[in-house]
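Here is a short report on one structure. Please keep the sequence and the 3D view open as you read.

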Amino acid sequence: MAVRRLAPDDIQPKSFAFSPENEIFAQEQIAKYPPGRQASAVIPLLWRAQEQTGGWLPRKAIEAIAVRLDMPDIRVLEVATFYTMFNLDPVGKHFIQFCGTTPCALRGAGEIKKILERRVGEQSHVSADGNFSWLEVECLGACCNAPMVQINHDYYEDLAPENFEKLLDDLAAGRPVKPGPQSGRRSSEPADAVKTLTDPALYDGSVVGAWRKRFEEEAIKAVETGEAANATATAAANPKPAKPDAGRAIGTESADTPAKRVKEGDAPVSAAERKDAADQTRASVDQTSKGAVPTPQSDKSYGATPSKPGSGQATPDAPTTPVAGTPPSDAPARRDGSESKPDVVVDPTKKPS
Amino acid sequence: MAKIIVDGVEVDVPPEFTLLQAAEAAGAEIPRFCFHERLSIAGNCRMCLVEVKGAPKPVASCAWGVRDCRPGPNGEPPEILTKSSTVKKAREGVMEFLLINHPLDCPICDQGGQCDLQDQAMAYGVDTSRYHENKRAVPDKYLGPLIKTSMNRCIHCTRCIRFTTEVAGVEDLGAIWRGEDMEITSYLEKALGSELQSNAADLCPVGALTHKPEAFHYRPWELSKTDSVDVMDAVGSSIRVDSRGREVMRILPRVNEAVNEEWITDKARHIVDGLRLQRLDRPFVRVDGRLQVATWPQAFAAIAERVKGTHRNKIGAIAGDLASVEDLFALKSLMTALGVANIDARQDGSQMSPAHGRASYLFNATIAGIEEADAILIVGSNPRIEASLVNVRIRKRWRMAPPPIALIGERVDLTYPYAYLGAGAETLADVAAGRHSFLDTLKGAKRPLIIVGPGAYAGANGLAVLSLAAQLAVTVGAVSDEWNGFSVLHTAASRVGALDLGFVPGEGALSAREMADGAVEVLFNLGADEVDIAPGAFVIYQGTHGDRGAHRADVILPGATYTEKSGTYVNTEGRVQMANRAAFAPGDAREDWAILRALSDVLGHRLPFDSLAALRQRLYAEHPHFAAIDSIAPSDGAAGLNALAALGGSPGREAFTSPVKDFYLTNPIARSSQVMAECSALARNLRLEAAE
């Protein structure tokens with residue numbers, strides 16, 4: 001899902017108000033909920049506002065609905081952005097929602113998409129004449145008539161490059177079009193001459209258990225032709241790998257580890273290596289000079305070191321907050337400021353200059 | 001209680017506990033990203049998966065109740081495993097998915113070192129990626145001057161959305177689009193309109209939301225940490241001040257269930273740059289109309305010269321909103337030694353006084369007590385800007401089960417609905433006299449809460465209004481042995497401490513207003529920047545920032561801010577808390593008590609303490625309750641309120657207006673902060689937009 005934003009300011013309308021019939025609708029929706037719960041009507045109101053503005057939600061509509069339902073603006077914006085069926089940018093007069101999910105893709109939605117890209121342009125952009133814009137969406141639930149698109153409120157199914165081009169031509173020219181399958185089908189009945197449901201065998205009981213009979217017949221046939229025996233022999237002689245790595249890189253064993261050596265029957269550590277490891281001259285850290293402390297890199301200390309008023313670092317040597325109820329004079333190691341600053345020295349005889 | 005076995009340990013927990021809580025009760029740690037104790041359960045990060053015996057798949061423990069578990073075949077308690085290999089594998093799988101789209105930018109990420117994802121990846125992550133597709137890219141969002149976004153890092157836990165919606169009460173953040181394309185944003189990238197928004201960045205378990213003013217300034221492991229309290233309002237939120245060297249780098253909330261839970265306001269957090277800008281770092285003396293740099297002895301000598309030639313009735317002292325109890329005690333001691341009775345810490349002109357009893361000026365119900373109130377009347381207050389965390393508590397109470405809430409004062413957005421009763425004292429009188437049905441609501445409540453804010457008590461007839469509110473509290477039975485619903489909401493951190501000390505004018509002495517209007521010849525101003533001082537008087541300003549007070553001053557003594565001294569503050573509940581020093585004051589600036597001690601020597605009345613400990617010993621001898629840190633001394637309760645109620649007086653007809661006009665600019669530290677200035681300008685624009 002691409003990052004979406006509210007439409008730019010220059011195409012945002014300056015104001016929004018519900019039309020009289022939508023106003024009645026809004027009142028009906030709000031009346032459905034108990035007082036104080038009017039925010040529940042936010043989705044129907046947003047939907048009506050989107051229809052009224054021609055398929056998208058301007059900022060002013062969001063704010064008007066927020067005022068109407070006594071909600072903060074951000075709460076309405078949250079709903080408007082959560083649902084992808086609310087468009088935040090202007091759409092064409094015919095807003096095409098193109099299904100790109102697997103069943104449609106298998107039945108040729110790729111061709112349809114190419115036509116959209118050629119004739120309408122980039123996704124989520126209104127064509128120059130303002131007639132079309134399109135958006136690839138997830139499954140719209142008409143897989144038996146794939147591929148399909150939804151244009152405004154109607155489904156157009158059983159598309160093929162030819163009939164889809166014609167459909168777009170008709171829509172562009174303002175000619176009436178027929179929603180539903182474009183291939184001549186009435187709905188989702190079989191596309192060819194197969195009339196499965198008119199077969200009298202369906203109704204005389206002869207198909208009961210027919211599936212089992214078919215398996216039995218196939219099994220007998222396999223035995224008669226020797227195919228079954230043949231397959232068994234081949235499988236024993238040339239077994240398939242149980243878990244093929246399917247081309248993925250699989251872990252290889254470490255080159256030389258104690259575990260590997262144990263697995264191969266060797267001692268985990270050889271005597272020679274033990275000797276090497278014990279050799280102090282080969283140690284990477286000099287452990288012979290114990291007690292030598294590395295010199296600090298700076299005189300700054302971040303630990304609980306004695307106070308250094310000289311460097312301006314006041315480090316309390318006792319908890320600075322007294323235990324509740326202790327008179328401060330009784331608190332241990334009281335720090336009151338008098339210890340580190342000299343008293344104000346005053347010469348009373350001296351006059352100000 | 002329900003029994004459950006966690007990793008072989010049987011624990012007895014309330015049945016409404018989730019598996020995550022039960023596991024924690026049994027001592028098992030469960031990793032999580034989306035779950036947060038103070039927010040609703042989302043269950044969308046899946047990091048908290050555990051194995052429930054008998055369940056076919058791992059379940060999200062944050063969203064599965066103990067009572068939803070099935071017992072074993074023979075009625076044994078249900079059993080969960082949090083350390084089994086299935087659980088480990090499941091969490092590793094979740095972690096791998098989370099890391100698929102998470103950028104590898106820890107070295108340049110401000111969350112590095114304090115990142116939940118980083119920490120948990122150490123436990124459950126793998127060192128390589130099996131993902132060879134492109135990572136998701138998400139545009140960064142503008143969310144205002146306080147929160148920086150880096151949305152590629154977002155793992156969609158929705159904690160920020162839940163925080164702003166549920167706790168802060170502004171529905172600004174939301175998630176648009178869906179699935180992998182989900183993005184957290186505000187509506188068209190509008191700046192967030194909450195005074196608590198920075199907490200959302202704290203909640204972010206990754207580096208998607210970080211604090212913009214602190215961006216690239218520090219690494220968390222470089223900072224030394226000091227526990228302290230906030231003084232931006234009178235709530236006294238628990239904070240942790242993190243400093244590096246001499247400089248405070250950031251302020252974080254600390255968990256304190258009684259006060260701020262784990263939130264702080266943006267003002268408490270982001271005034272950090274105000275602590276170093278516009279600072280007074282040297283004494284100044286006004287010579288021929290111009291302030292000139294001076295030495296301490298010169299400044300003190302100039303003061304001594306003026307004080308010696310002035311009658312004690314013509315000397316006065318006003319203390320500001322950020323003064324600690326120690327500073328006030330030192331100043332009061334000095335003034336007493338000089339024989340001066342003109343002292344006042346109430347620069348807003350309120351007339352509260354310890355003479356009416358401690359209960360007359362405390363938030364007696366306590367902030368945590370708001371959650372128990374079953375009817376709330378707010379009088380002359382906008383708690384959202386005067387004490388945001390009190391407002392959060394009221395909202396929390398409202399979310400539990402809405403109690404009746406009513407407001408007298410300005411009609412403002414408090415983030416929860418309330419009944420608006422009226423604008424001023426007249427309405428309060430109506431309610432008290434029973435001419436309003438809300439009186440019956442209050443009477444019917446077991447624990448009615450009456451919050452009186454500065455809009456009510458700081459006006460010309462403030463004391464009469466306070467008395468009227470106390471009458472109302474007594475009438476509705478808000479004061480009993482176990483509940484005191486009469487609650488005064490302060491806005492100044494120093495106020496309750498000053499009232500406890502008795503930092504108010506003595507018999508027949510001048511109030512702050514009178515002193516400022518020119519009734520004294522020498523005025524000692526301890527950080528009072530919210531008051532206009534008339535020309536004429538010789539003003540000694542002891543403070544921290546070059547603000548209004550310093551501009552009017554004749555002598556400036558540079559003091560220390562609350563992060564630079566150890567000081568006691570008493571919050572609006574009367575809770576005594578201590579702020580600790582995290583850094584040193586700049587230049588020649590000194591801790592305030594030490595300045596006063598040195599000045600007293602020059603004035604010939606040497607104060608009897610040479611160290612802060614000695615000062616505190618004397619303070620605790622005179623006022624023992626200041627020694628009980630983090631607790632509230634029991635107040636005089638009903639007796640005090642009856643005395644206040646008996647005062648009477650004419651409350652007048654004025655409308656209550658909040659003295660806090662701009663939340664972000666209430667004190668000199670905040671006014672020096674560029675971040676606060678930016679927030680203030682933005683908030684003003686938001687208000688103008690809302691007014692259109």
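Ser228(B) sits in strand S10 of chain B, which covers residues 224–229. This is a predicted model. Ser228(B) has a relative accessibility of 0%. The cut-off for buried is under 20%, so Ser228(B) counts as buried.

What does the side chain of Ser228(B) reach at 3.3 Å? It reaches the backbone nitrogen of Asn580(B). Asn580(B) is also one of the residues in contact with Ser228(B), once neighbours within four places in sequence are left aside. Met578(B) and Ala579(B) are among the others.

In chain B, strand S11 spans residues 238–244. It pairs with S12(B) in the antiparallel sense, over six bridges. One bridge joins Arg244(B) to Glu247(B), its partner in S12(B). Two residues lie between the strands of this hairpin. There, Gly245(B) takes a positive phi near 60 degrees.

Why is strand S12 of chain B described as largely enclosed by the rest of the structure? The strand has seven residues, 247–253, and six of them are buried.

## A nonpolar patch on chain A

Now turn to chain A. Leu197(A), Leu202(A), Tyr203(A), Val207(A) and Val208(A) form a nonpolar patch on the surface. Together they have about 560 Å² of accessible area.

Take Val208(A) from this patch. It is found in the loop between strand S5 (180–181) and helix H8 (210–225) of chain A. Is Val208(A) buried or exposed? Its relative accessible area is 70%. Exposed means over 50%, so Val208(A) is exposed.

Note on methods. Residues numbered from 1 in each chain as written. Chains lettered and ligands numbered in written order. Predicted model: local features only at pLDDT ≥ 70, side-chain atom pairs only at ≥ 80, totals over all residues. Heavy atoms only, no water. Patch = residues over 30% accessible without salt bridge, like charges linked within 9 Å, V, L, I, M, F, W, Y side chains within 5 Å. Areas by Shrake-Rupley, 256 points an atom, 1.4 Å probe, with all protein chains shown as cover. Salt bridge = Lys/Arg side-chain N within 4 Å of Asp/Glu carboxyl O. Helix = DSSP H or I, 4+ residues; strand = E, 2+ residues; numbered from the N terminus. Buried < 20%, exposed > 50% of the residue type's maximum accessible area, 1.4 Å probe, protein only. Pairing = 2+ DSSP bridges. Polar contact = N/O pair within 3.5 Å; in protein donor to acceptor, adjacent residues only side chain to side chain. Contact = heavy atoms within 4.5 Å.
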